[in-house]
Amino acid sequence: MGRERLKIIGGSALEGEVQVSGGKNTSVAVIPAVLLSDQPCTIENVPDIEDVHALMDILEHLGARVRYIPGVSMTIDPTGVEDWHVGYHDAKRLRASYYLIGALLGRCGKAEVGFPGGCTIGSRPIDEHLKGFRALGAETEERGGMVVAQAKELTGGDVFFDMVTVGGTINVMLAAAKAKGTTIIYNAAKEPHIVDLANFLNSMGAKIKGAGTDVIRIKGQERLHGTTYAVIPDQIETGTLMIAAAATRGDVTIHGCIPTHMEALTAKLLEMGVRVSDSDDSIRVRMMTAHRAVNIKTQVYPGFPTDLQQPMSALLTTAHGTSLIQETIFDQRFKHLDEIARMGASVKVMGRTALIEGVPQLYGAPVTVTDLRAGAALIVAGLMASGVTEIYELEYIDRGYEHLEDKLRNLGAQIVREET
Ligand code: EPU
């Protein structure tokens with residue numbers, strides 16, 4: 001068990017203004033992408049989270065020089081990288097270590113990377129990534145807990161994904177950016193961070209077209225150069241704050257976000273009776289009365305994101321009526337509901353479907369985080385509950401949210417982190 005816990009005294013309405021941090025899932029793709037450059041790169045808006053620190057350590061072990069000033073920028077000089085081996089202990093610190101396979105293949109023509117870690121939200125194979133590398137002429141092998149990929153010469157090829165995979169799309173883009181010839185990815189993921197990574201690579205001299213659609217064309221380049229680039233704001237943190245505002249019947253304006261990335265969530269909140277308004281780069285969420293139950297089906301972008309299913313289902317535990325949640329992306333993403341049931345929620349989970357019957361009130365209880373977004377869900381539940389909620393295993397939350405409890409406290413939440 002971790003040494004810290006969050007203690008929340010629920011019931012305070014969140015009110016005020018908050019700034020959203022840079023995107024986690026875009027940063028963890030952009031940082032390994034620097035390995036494709038011949039020169040140093042500077043990335044702005046990188047969030048100060050554990051996944052980012054894990055990647056910095058890995059790049060340093062590979063021979064890169066990394067200078068990170070949280071809130072300012074991260075500069076990575078990859079010129080000293082000649083190693084292509086990322087060991088088990090480094091790789092298992094985060095899911096995104098799988099991007100080192102594509103990036104090192106692109107840089108060195110070979111990669112030996114331990115199987116990735118990350119949240120246990122169901123089976124998470126990487127067979128589609130490997131299929132993509134093979135289409136680019138690489139040989140791949142899984143040996144002793146390591147993924148080994150190598151190519152005499154990476155050459156462009158056609159990759160048709162059997163399912164829409166965010167990680168697979170990014171990984172193939174990374175390798176293809178320096179392959180000889182053109183790669184076409186069919187059935188590509190369209191998430192905002194796919195577009196952000198393409199923009200980053202293009203700012204290094206890559207030739208990528210079609211990111212944000214389901215066909216991406218990558219004309220490989222022999223050399224990519226240094227760049228300075230600011231990553232997009234975190235779509236899931238924005239959504240988590242929107243849900244927390246609604247859950248506490250508050251009035252919160254989130255600054256620095258991209259409202260068009262939030263449309264699936266905004267539509268659902270409006271359907272529940274929450275008031276949502278936006279400007280170019282801010283969203284205001286107000287909730288005055290009780291909220292109505294809604295049905296949710298997680299889908300790839302621009303559908304409702306699986307990463308917001310967990311905090312959203314916490315909010316629905318106190319809605320008027322019964323909500324049906326269908327999780328279509330991952331097969332075990334309801335563990336948070338077992339914990340929220342301990343706070344008085346009425347939930348029934350059947351495989352990838354959950355039925356939530358709204359109750360008037362949750363009650364504080366000790367609960368344990370099982371994965372990153374489960375952590376966000378338990379915080380939302382704690383903010384809504386009457387009495388004290390203690391949340392354990394915070395390292396999951398620290399992997400992906402920058403100063404979340406400080407932001408919530410500034411909005412009026414009674415939340416503290418303490419030693420157990
Ligand atoms: N899949 C395969 N084979 C593959 C790849 C994927 O069967 O080779 C399956 C997965 O098992 C899953 C589905 O395809 O059922 C979609 O997986 P995807 O590859 O899209 O997800 P991922 O790359 O493992 C990323 C994010 C997740 C986010 C998902 C979906 C990162 C580091 N992770 O995961 O983020 O939930 O896309 O949007 O970007 C989080 O931030 O909390 C998080 C889990």
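This report walks through the ligand surroundings and the cysteines of a predicted model.

## Around the ligand

Let's start with the ligand and its neighbours. A shell of 25 residues surrounds the ligand, and Tyr-98, Glu-128, Thr-165, Asp-307 and Ile-329 are the closest of them. Sorted by class, this shell holds eleven nonpolar, eight charged and six polar residues.

Both domain 1 (4-21 + 233-419) and domain 2 (24-230) take part, each giving at least three residues to the shell.

## Polar contacts and cover

Some distances to look for in the structure come next. From an oxygen atom of the ligand to a backbone N or O atom of Ile-329 is 2.5 Å.

Helices H1 (24-33), H5 (127-135), H6 (166-176), H10 (306-316) and H12 (372-384) are the elements that supply two or more residues to the shell. The largest share, three residues, comes from H5.

## The cysteines

How many disulfides does the model have? The count is zero. A disulfide is a covalent bond between the sulfur atoms of two cysteines, and here the sulfurs would have to lie within 2.5 Å of each other. For Cys-41, the closest cysteine sulfur belongs to Cys-108 and is 15 Å away, so the two are too far apart for a bond.

Is Cys-41 buried or exposed? Cys-41 is buried, with a relative accessible area of 0%. Cys-257 is buried too, at 2%.

Note on methods:
Residues numbered from 1 in each chain as written. Predicted model: local features only at pLDDT ≥ 70, side-chain atom pairs only at ≥ 80, totals over all residues. Heavy atoms only, no water. Buried < 20%, exposed > 50% of the residue type's maximum accessible area, 1.4 Å probe, protein only. Near = heavy atom within 4 Å. Polar contact = N/O pair within 3.5 Å; in protein donor to acceptor, adjacent residues only side chain to side chain. Helix = DSSP H or I, 4+ residues; strand = E, 2+ residues; numbered from the N terminus. Nonpolar A, V, L, I, M, F, W, Y, C, P; charged D, E, K, R; others polar. Domains from an automatic or database assignment.
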